Amino acid sequence: MKKICVVTGTRAEYGLLRNLISKIEKSSALDLALLVTGSHLSKQFGNSIDSILSDGFKVSEKIDIGLTTDTAAGVTRSMGQGLIGFGSSIEKLKPDLMLLTGDRYEMLAAASASMIARVPIAHIHGGELTEGSFDDSIRHCITKMSHLHFVAAKEYKKRVIQLGEEPRWVFEVGGLGVDALLNVNLLERSDLESALDFKLKNKNLIITFHPVTRGNVSSEDQLDELLKALNELENTGLIFTMPNADNENKTLSRKIKSFCSDKYFARFYQSLGQELYLSCLKNFDGVVGNSSSGLLEAPSLKTGTVDIGDRQKGRLRASSVINCKPKKLFISKSIKKLLSTEFQKKLKFVQNPYGIGGASKKIIEVLESV
C-alpha cells in the first residue's frame with residue numbers, strides 16, 4: 001500500500017478535502033495519514049479539528065504553528081514552526097506521497113519540507129490566479145515543487161504546463177468545491193434557522209471577508225466600506241463567517257464582532273462548518289465578500305456573489321459573480337443588483353466553470369494507479 005499524507009490547515013479547505021480523505025481511507029491500495037495544522041488547532045478559529053474528529057477520521061499528526069499574532073512577523077514565525085513540524089512528521093511517518101491543496105502558507109511549509117525529504121508531492125487546485133493576495137505566489141511555488149497536478153479547469157492545466165510541468169502528470173479533474181456539494185446533506189430553511197439560532201429575514205446574505213495580503217492595500221479600510229454598505233440594507237439578515245488566519249485577521253474579526261454586537265439582523269460565527277456554510281449558500285439570496293467560495297461553490301447552487309476588490313482577481317468566474325471596487329458606493333450598487341428580481345431570475349441558467357463534480361473519484365484513480 002502507498003502511504004498518502006494529506007495536509008489540512010483550515011476549515012474551508014477541509015470541507016473541500018473531506019470526500020477525498022474518505023475515499024483514500026477506504027481505498028485498498030492507499031494508506032491514509034492525516035496531518036492537521038493551522039487554524040484547526042486554534043481556539044481563536046473555533047478549534048475546527050473537532051469537526052475532523054467527529055467525522056471519524058484518525059489524526060496522525062498535529063502540527064501546531066503558533067497562530068498567536070496576525071502581523072507579517074507572526075505569520076513568518078508560523079511558517080518557520082510549520083517547516084520544523086512537517087520535517088519531523090515526514091521523518092516519522094515516511095510517506096510515499098504528500099497531498100496538498102491550494103495556496104496557503106501552511107502548505108508552502110509542508111511542500112518545502114517534503115521537497116527536502118525527497119517525498120513526491122501531489123498538488124490540487126494549481127494553475128489558478130488570485131492577484132490580490134500573496135497566495136498567488138505561494139500556489140505557483142508549490143506547483144514547481146510538485147510532481148502530480150490535479151487542476152480544476154482547462155485554463156489552469158495550460159498554465160501549469162506553461163510553468164514547465166510535464167503534461168502527462170497534469171490532470172484536469174474539476175473543482176473539489178463542486179464535489180463537496182454533491183456529498184453533503186444541505187438543510188432546508190427551517191432547519192437552518194434552528195441550527196443557526198437565528199431568525200432569517202426577507203432577504204439574507206452570507207458575508208466572508210478575508211485579509212487582502214498583496215500590495216499597499218488596507219484590509220481594514222475595505223471592510224469599513226463593506227460594513228457601511230451593509231448597514232444601510234433593510235429587512236436583510238447578515239451572517240458573517242470570520243476571516244482566515246492571514247495578516248490583519250484579528251483587526252477584521254474585532255470590527256465584525258463590534259458591528260454585530262448591537263444589531264438584531266447580524267450574527268457572526270467563528271466556524272460554521274461545511275454543512276451549515278453550504279446550507280446558507282443554498283438558502284440565502286447571495287454571498288458577499290472576497291472569499292473563493294463565492295466563485296467555486298456558489299454558482300453550482302445558483303447563488304449570486306458580490307466579489308469585492310482584487311483578492312480573487314484572475315480566477316475563472318461564472319455569470320453569477322459581480323465584481324466591484326472596495327468602496328461603499330460600488331458595493332451598495334452591486335448588492336442592489338444581486339438582490340434584484342431580474343438578476344435572481346438569471347441565476348437558474350448559471351453554469352459553474354469548475355465542472356459538475358467527480359474530482360475526488362478522478363484523483364483517487366490516479367493515486368491508485370500511478
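Colleague: Which helix gives the largest share of the lining of the second largest cavity, and how many residues is that?

Modeller: The answer is α3, with three residues. Helices here are DSSP runs of H or I with at least four residues, strands are runs of E with at least two, and both are numbered from the N terminus. This is a predicted model, in which local features need pLDDT of at least 70 and side-chain atom pairs count only at pLDDT 80 or more, while totals for chains, interfaces and linings use all residues. Residues are numbered from 1 along each chain as its sequence is written, and side-chain values use heavy atoms, with hydrogens and water left out.

Colleague: What makes a space a cavity, and what makes it a pocket?

Modeller: On a 1 Å grid over the protein atoms alone, a cavity is a set of points where a 1.4 Å probe fits but cannot get out. A pocket is an open set with protein on both sides within 12 Å along at least five of seven lines, and lining residues have an atom within 4 Å of a point. Points are joined across faces, edges and corners, and the volume is the space filled by probe spheres set on them. By this rule there are three cavities of 30 Å³ or more.

Colleague: What is the volume of the second largest cavity, and which residues lie closest to its centre?

Modeller: The volume is about 60 Å³. Its lining has 14 residues, and L67, T69, D70, A245 and N249 are the closest to the centre. Both α3 (72-93) and α10 (249-261) supply at least two lining residues.

Colleague: How do the residues of that lining divide by class?

Modeller: They split into five nonpolar, six polar and three charged. Ala, Val, Leu, Ile, Met, Phe, Trp, Tyr, Cys and Pro count as nonpolar, Asp, Glu, Lys and Arg as charged, and the others, including Gly, as polar.

Colleague: What about the largest cavity: what are its volume and its lining?

Modeller: The largest cavity has a volume of about 770 Å³. It is lined by 37 residues, with T10, A12, E13, L16 and S292 nearest its centre. Helix α1 provides the largest share, five residues. By class, this lining has nine nonpolar, 18 polar and 10 charged residues.

Colleague: And what lines the largest pocket?

Modeller: That pocket holds about 160 Å³ of space. It has 13 lining residues, and Y14, R18, S51, G273 and Q274 are the closest to its centre. Here α1, α2 (49-54) and α11 each give two or more residues, and the largest share, four residues, is from α1.

Colleague: Let's turn to R311. Why is R311 called buried?

Modeller: Buried means under 20% relative accessible area, exposed over 50%, and partly exposed in between (1.4 Å probe, protein chains only). R311 has 5% relative accessibility, so it counts as buried. R311 sits in the loop between β12 (305-308) and β13 (321-324). Leaving out residues up to four places away in sequence, R311 touches (heavy atoms within 4.5 Å) several residues, among them E131, D135, P211 and D246.

Colleague: How many aromatic pairs does a search of the whole structure find, and what makes F240 and F259 an edge-to-face pair?

Modeller: The search finds four. For F240 and F259, the centres are 5.8 Å apart and the planes stand at 65°. F240 is in strand β9 (residues 236-241) and F259 in helix α10, so the pair ties together parts 19 residues apart in sequence.

Colleague: Are F240 and F259 buried or exposed?

Modeller: F240 is buried at 1% relative accessible area, and F259 is buried at 8%.

Colleague: Why is the pair of Y264 and F265 called edge-to-face?

Modeller: Their ring centres are 5.5 Å apart and their planes are at 90°, so the pair is edge-to-face. Y264 is exposed, with a relative accessible area of 66%, whereas F265 is buried, at 13%.

Technical notes. Phe/Tyr/Trp six-rings, centres within 6.5 Å; stacked < 30°, edge-to-face > 60°.
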